[in-house]
Protein chains: 6
Amino acid sequence: MRLSNKKVLAFVEEDFEDLELWYPVLRLQEDGAEVTLVAKESKTYTGKYGVPADVDVTLSEVDPSDYDALLVPGGWAPDKLRRYPEVIDITRHFDEKKKVIGQICHAGWVLISADILQGVKVTSTPGIKDDMTNAGAEWVDEAVIEDGHIISSRRPPDLPPYVKAISDKLAD
Amino acid sequence: MRLSNKKVLAFVEEDFEDLELWYPVLRLQEDGAEVTLVAKESKTYTGKYGVPADVDVTLSEVDPSDYDALLVPGGWAPDKLRRYPEVIDITRHFDEKKKVIGQICHAGWVLISADILQGVKVTSTPGIKDDMTNAGAEWVDEAVIEDGHIISSRRPPDLPPYVKAISDKLAD
Amino acid sequence: MRLSNKKVLAFVEEDFEDLELWYPVLRLQEDGAEVTLVAKESKTYTGKYGVPADVDVTLSEVDPSDYDALLVPGGWAPDKLRRYPEVIDITRHFDEKKKVIGQICHAGWVLISADILQGVKVTSTPGIKDDMTNAGAEWVDEAVIEDGHIISSRRPPDLPPYVKAISDKLAD
Amino acid sequence: MRLSNKKVLAFVEEDFEDLELWYPVLRLQEDGAEVTLVAKESKTYTGKYGVPADVDVTLSEVDPSDYDALLVPGGWAPDKLRRYPEVIDITRHFDEKKKVIGQICHAGWVLISADILQGVKVTSTPGIKDDMTNAGAEWVDEAVIEDGHIISSRRPPDLPPYVKAISDKLAD
Amino acid sequence: MRLSNKKVLAFVEEDFEDLELWYPVLRLQEDGAEVTLVAKESKTYTGKYGVPADVDVTLSEVDPSDYDALLVPGGWAPDKLRRYPEVIDITRHFDEKKKVIGQICHAGWVLISADILQGVKVTSTPGIKDDMTNAGAEWVDEAVIEDGHIISSRRPPDLPPYVKAISDKLAD
Amino acid sequence: MRLSNKKVLAFVEEDFEDLELWYPVLRLQEDGAEVTLVAKESKTYTGKYGVPADVDVTLSEVDPSDYDALLVPGGWAPDKLRRYPEVIDITRHFDEKKKVIGQICHAGWVLISADILQGVKVTSTPGIKDDMTNAGAEWVDEAVIEDGHIISSRRPPDLPPYVKAISDKLAD
């Protein structure tokens with residue numbers, strides 16, 4: 001499998017968008033990647049609709065240099081995630097190392113707070129378009145945007161091409 | 001009552017923060033103001049915790065020039081409100097006429113999308129501090145900030161001084 | 001602030017009416033009062049609609065002689081509160097000392113069980129009108145009734161004049 | 001079956017106590033009675049825990065003279081039921097005709113508002129003991145109390161002897 | 001009471017059908033039986049609609065030879081129950097000793113996994129008719145079927161004759 | 001894309017397992033397939049955890065000969081689906097034509113009622129192992145089993161290899 005030596009980290013918080021967390025996790029596992037769920041606490045979090053997610057490691061324990069890509073789900077989870085210094089530090093690590101960062105829907109709030117969107121071409125839910133633009137990003141309304149190592153998408157129906165783009169990039 | 005000739009408009013959407021909508025509405029009624037709830041549809045909306053709110057008028061029917069102040073509640077409602085052109089137009093009307101605008105918690109997203117925060121001193125939930133700053137606002141961590149006609153606050157425990165500031169301003 | 005040296009006690013139980021607990025608490029804080037939430041257990045209680053309330057002190061720890069006023073919220077909470085001997089004792093303390101007691105909606109059940117309504121003019125939700133009358137009260141259908149130190153009200157839309165009456169009485 | 005020629009009417013409202021409605025209904029059906037659910041509207045009501053109940057007839061359509069017994073469930077339903085003039089009229093009809101009335105838990109609120117408890121020996125949830133006593137009833141703490149045609153009980157675990165007493169009385 | 005020397009065991013798991021558990025329990029108590037709720041864990045389980053059930057004894061502690069009859073409720077509980085070896089062993093004990101087994105709705109899944117339906121005439125929810133037939137049972141669409149010690153029924157409205165059949169059998 | 005000329009049908013009913021419906025749908029869309037959701041009614045169904053699914057076509061309108069593969073999700077949906085004659089007919093159509101049928105978790109109940117498992121090697125949630133075996137299937141405990149055109153799987157963590165097997169088969 002083309003991602004069998006790849007390790008992927010996915011942020012989790014309460015009220016994550018259920019499919020935006022789980023579709024990428026399962027899809028990258030299909031390609032052989034090892035996906036680790038990381039959150040503030042070691043417990044079971046619950047998605048916006050109710051799907052559960054058990055955490056593998058906490059924000060304070062994880063070493064981002066062990067991973068090849070970072071996934072940020074949407075829902076209301078990013079509103080909480082962006083407030084944790086560890087989330088900001090981890091996100092910046094992936095940005096500085098030019099490792100793949102996947103963001104979808106409201107996930108952009110995390111990248112805004114990590115201040116890594118200056119001059120980056122992105123998409124997102126239209127709801128945060130203004131926040132993305134104000135953070136220096138160039139916002140377009142397309143299913144998937146890939147600008148260097150940052151891959152972004154709008155909403156659940158865009159998941160198929162979004163995760164394909166992430167997998168292709170990781171397999172390069 | 002000192003606000004007995006004043007009319008106040010309050011935005012409503014699903015998942016409004018229950019107390020952030022209702023405390024200002026009831027408190028300004030105590031001072032004699034007539035408060036009107038306006039939303040996309042004419043129906044009963046439900047707060048983030050479950051408190052209901054019946055709408056008085058729809059966004060397409062309301063004439064903002066009839067009102068003296070605008071209230072924007074927090075919760076997840078602002079994420080939806082900011083997407084409606086009528087919400088943007090109404091918000092800008094109050095800003096242009098220098099009529100009182102009260103915003104609390106996540107309400108700032110609406111003012112960001114209305115693009116009226118350039119150079120304005122504000123506060124908000126820390127969760128959207130970066131979005132506020134990127135929109136040109138000067139963000140401070142205080143219970144209530146009054147900068148001209150824009151009065152802002154952080155969260156439910158700040159409601160008492162927040163609404164007092166709104167009432168005082170309206171009574172001027 | 002006119003209530004800055006006043007201390008207010010508010011009863012809490014599961015399924016309190018959310019606004020009937022929180023509006024008076026926040027409104028009296030605006031006037032400078034220190035408000036303490038008291039309940040059977042030291043935990044987070046949840047309102048009828050879902051708004052949370054953290055308890056400050058338990059029924060067995062609190063000393064009612066430290067407080068100037070007592071607030072009893074409505075919802076289904078009074079059905080439980082009236083069964084606790086401490087609630088009865090505390091309520092009678094405020095009555096005997098002629099300290100302000102605010103009751104709204106179904107809160108009257110607590111005053112009925114404390115047996116302090118004989119000859120008192122009150123209002124309440126129409127649902128418990130017969131229980132109030134049978135307990136010796138004179139029931140009228142008005143937004144707020146003040147009879148000596150006992151101030152009563154019917155339902156959430158009456159909160160503005162209800163809490164104003166409480167604040168005025170406390171400020172005397 | 002000993003109740004095969006008997007017709008029983010049961011009041012329904014939102015938040016009825018699930019077992020206090022359904023156990024008597026099913027149990028009397030076992031003895032051959034025909035049980036009819038009557039409520040304000042013709043729809044599916046939901047119990048306090050969530051069990052549904054489809055209504056057979058509305059309060060305005062039903063003719064109480066067609067029935068041999070009346071069942072009043074507990075939960076929060078009685079708080080609503082007691083406010084309907086039709087509920088009061090129907091309850092008084094059964095009382096005047098000395099036809100069996102079964103009440104359990106909070107159901108007593110309905111009988112209080114129908115003003116038919118003067119001098120009657122009853123039981124109920126301890127929560128409304130004071131309301132029952134103030135309405136002129138003699139309250140005792142036993143699983144089932146039968147005083148003439150009025151049979152009362154305290155709570156779900158008392159259902160077996162409660163409904164047996166109702167069935168025995170109806171079979172007389 | 002005709003069942004006053006009888007002991008009955010009832011299986012409990014999450015999402016039991018609320019009335020299918022509680023009606024038989026309460027009804028057999030009326031006839032004097034002592035009913036014990038047994039489950040995997042010693043805790044409060046919640047029915048499909050929300051009615052709670054406190055467990056008396058765990059599957060690993062209970063001795064089936066102490067009991068005269070076994071009750072299996074429907075809902076989704078049987079889907080879990082059938083997976084526990086203790087449930088299979090207990091069910092087989094009642095079958096081997098020809099002690100009464102009552103099953104209703106989806107409860108048949110437990111008897112299928114205990115492999116005790118070969119040649120037995122039964123009914124159930126039509127939803128599992130094929131599973132019952134494939135397990136060797138003769139399936140008929142009637143309110144109650146009694147074949148030796150195995151008594152089966154279809155759904156909640158059949159509870160009255162179902163439990164009467166169980167009680168009659170136990171009283172023999 | 002290798003499935004760009006393929007059409008896939010997916011059964012929907014209330015309480016479908018959220019990921020077991022959505023992961024295959026989105027994953028096959030990635031490979032270019034057109035996926036159609038079919039259900040009894042034309043409405044929004046809700047998964048066991050709460051994820052919504054809008055239906056594209058109803059059971060009475062759909063023509064199975066237009067499709068190349070059938071997906072049956074788990075959760076409690078199969079308990080309802082197996083009762084509809086149209087579901088049985090559609091399932092048998094895919095079986096007779098040797099077109100791909102994907103089933104996961106509790107989905108096997110549908111194939112049991114369609115009576116197409118005689119001699120077929122399958123897997124499923126262990127909860128329905130006995131039903132599968134009684135229906136003539138050979139049951140094994142593996143993540144994915146492919147026997148001719150019938151591909152089966154156990155539970156959500158098996159989704160990656162399960163859907164890969166379906167896609168590979170369809171692409172043949």
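Biologist: Which residue does Asp31(D) form a salt bridge with?

Modeller: Its partner is Arg2(D), with the closest N and O atoms 3.7 Å apart. For a salt bridge I take a side-chain nitrogen of Lys or Arg within 4 Å of a carboxyl oxygen of Asp or Glu. Keep in mind that this is a predicted model: local features need pLDDT of at least 70 and side-chain atom pairs count only at pLDDT 80 or more, while totals for chains, interfaces and linings use all residues. Residues are numbered from 1 along each chain as its sequence is written, chains are lettered from A and ligands numbered from 1 in the order in which they are written, and side-chain values use heavy atoms, with hydrogens and water left out.

Biologist: Fine. What does the Asp31(D) and Arg2(D) pair tie together?

Modeller: Asp31(D) is in the loop between α1 (18–30) and β2 (34–39) of chain D, and Arg2(D) is in the segment before β1 (7–11), so the pair links parts 29 residues apart in sequence. Helices (H or I, at least four residues) and strands (E, at least two) are DSSP runs, numbered from the N terminus.

Biologist: Is Asp31(D) buried or exposed?

Modeller: Asp31(D) is buried at 10% relative accessibility, whereas Arg2(D) is partly exposed at 43%. Buried means under 20% relative accessible area, exposed over 50%, partly exposed in between (1.4 Å probe, protein chains only).

Biologist: Over to chain A. What does Arg27(A) pair with?

Modeller: Arg27(A) forms a salt bridge with Glu30(A), closest N and O atoms 3.8 Å apart. Both sit in helix α1 (residues 18–30) of chain A, three residues apart, about one turn. Arg27(A) counts as buried at 4% relative accessibility, and Glu30(A) counts as buried at 5%.

Biologist: And Lys164(E), how far is it from Asp168(E)?

Modeller: Their closest N and O atoms are 2.8 Å apart, and that's a salt bridge. They're four residues apart in helix α6 (residues 159–171) of chain E, so about one helical turn separates them. Lys164(E) is partly exposed at 32% relative accessibility, and Asp168(E) is partly exposed at 26%.

Biologist: How many salt bridges over all chains?

Modeller: The search of the whole structure finds 78.

Biologist: New topic: how many residues of α1(D) are buried?

Modeller: Twelve of its 13, so α1(D) is mostly covered. Among the buried ones are Trp22(D), Tyr23(D) and Arg27(D).

Biologist: What caps its N-terminal end?

Modeller: Glu17(D): a side-chain oxygen lies 3.0 Å from the backbone nitrogen of Leu19(D). After α1(D) comes Gly32(D), with a positive phi near 100°.

Biologist: How much area do chain F and chain E bury between them?

Modeller: About 1,400 Å², 45% of it on carbon and sulfur atoms. Buried area is the accessible area (1.4 Å probe) that two parts lose on being put together, summed over both. In chain F, Trp76(F), Asp131(F) and Asn134(F) lose the most to chain E, together 35% of what that side buries.

Biologist: How many residues are in contact?

Modeller: 15 residues of chain F with 15 residues of chain E, contact being heavy atoms within 4.5 Å.

Biologist: How many salt bridges between chain F and chain E?

Modeller: Two. Arg82(E) forms a salt bridge with Asp131(F), closest N and O atoms 2.8 Å apart.

Key:
Polar contact = N/O pair within 3.5 Å; in protein donor to acceptor, adjacent residues only side chain to side chain.
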